[in-house]
Amino acid sequence: MTTTEHPKKERTLVIVKPDGIQRSLMGEIIKRYEQAGYKLVATKLVLPTAEQAKDHYMVGGEEWLESVGVKASAAYEKKGMKSPFMTPRENGLAILETNAKYLSSGPVLAMVWQGAHVVEVIRKLTGGTEPRSSEAGSIRGDFVHDSYMISDTDNRSIRNLIHASGSAADAEKEIRVWFHEHEMIDYRLINEAILYDVNLDGILD
Ligand code: GDP
Ligand code: MG
């Protein structure tokens, strides 16, 4: 979003991951975002390559590798274990590999949603990264229960159904990994008049 645009133009990238498709949760997930008032502006079913999946995670660059590695290494220590990785970056690289394997294991549904505070609110509706501790009422909290404990034991990525961008800046970069600008549809949704118009006129006859 550029600074000249209205906040209602904010966009986020959501991906229903392969487990979400296999659990038949596409409709439920779309419903949650739709009923919160958001507008779907692009979507497609994609079979990602491992390369595309890596490009997706690497839009956060070295900073993401480092921070995800620091977080995961700290989790080993919290469990009273020593991280098997020499550096947080190495841990980050291992997570990148398992994440890419997971995301490219079957078809995914890529979507761009638009509306005010869409990044923040869609993450709230989606729930925290680890389903075991995701809030009840969130999508992850309601439909899945995977944990870092199990996924780390089995050396696989945590199965949390969905990816949702972490910031508006990340969203714009991630959208470019999955969509061309011409695939985004600019259209008016009647709901938006009720959500955003300054005056609620035209309701009464
Ligand atoms: P998200 O935005 O909520 O999906 O979380 P992040 O952007 O922090 O991480 C992206 C993905 O990396 C997550 O969906 C997990 O698959 C993985 N990941 C993140 N943090 C950890 C962690 O502490 N340990 C492990 N094993 N994987 C992690
Ligand atoms: Mg993220």
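Reader: How much space lies in the largest pocket?

Author: This is a predicted model, and about 990 Å³ of space lies in its largest pocket. The lining has 39 residues, and those closest to the pocket centre are Trp64, Val68, Ile95, Asn99 and Thr129.

Reader: Which elements supply the lining of the largest pocket?

Author: A lining can be read by element. Here α3 (50-57), α4, α5, α6 (118-126), α8, β4 (162-164) and α9 (168-178) each supply at least two residues. The largest share comes from α4, with seven residues.

Reader: How do the residues of that lining divide into nonpolar, polar and charged?

Author: The lining has 15 nonpolar, 16 polar and eight charged residues.

Reader: Where does ligand 1 sit?

Author: Ligand 1 sits in this largest pocket. The elements that give two or more residues to the shell around ligand 1 are α4 (61-78), α5 (88-103) and α8 (148-153). The most come from α4, which gives four residues to the shell, and α4 also has the largest share of the pocket lining.

Reader: Which residues come nearest to ligand 1?

Author: A shell is read by cut-off: a residue belongs if one of its heavy atoms lies within 4 Å of the ligand. Around ligand 1 there are 15 such residues, of which Lys71, Asn99, Arg123, Thr129 and Asp152 come nearest. Asn99 is also among the residues closest to the centre of the pocket, as is Thr129.

Reader: Which ligand atom does the side chain of Lys71 approach, and what of Asp152?

Author: For polar contacts, look at pairs of N or O atoms within 3.5 Å. A polar side-chain atom of Lys71 is 3.1 Å from a nitrogen atom of ligand 1. Asp152 also places a polar side-chain atom by a nitrogen atom of the ligand, at 3.0 Å.

Reader: What percentage of the accessible area of ligand 1 does the protein cover?

Author: On its own, ligand 1 has 540 Å² of accessible area, and the protein covers 87% of that.

Note on methods: Residues are numbered from 1 along each chain as its sequence is written. Chains are lettered from A and ligands numbered from 1 in the order in which they are written. This is a predicted model: local features need pLDDT of at least 70, side-chain atom pairs count only at pLDDT 80 or more; totals for chains, interfaces and linings use all residues. Side-chain values use heavy atoms; hydrogens and water are left out. A polar contact is a pair of N or O atoms within 3.5 Å; within protein, one must be able to donate a hydrogen and the other to accept it, and residues adjacent in sequence count only if both atoms are side-chain atoms. Accessible areas come from the Shrake-Rupley method with a 1.4 Å probe; for residues, only the protein chains shown count as cover. On a 1 Å grid over the protein atoms alone, a cavity is a set of points where a 1.4 Å probe fits but cannot get out, and a pocket is an open set with protein on both sides within 12 Å along at least five of seven lines; lining residues have an atom within 4 Å of a point. A molecule sits in a cavity or pocket if more than half of its atoms lie within 2 Å of its grid points. Grid points are joined across faces, edges and corners, and a volume is the space filled by probe spheres set on the points. Ala, Val, Leu, Ile, Met, Phe, Trp, Tyr, Cys and Pro count as nonpolar, Asp, Glu, Lys and Arg as charged, and the others, Gly among them, as polar.
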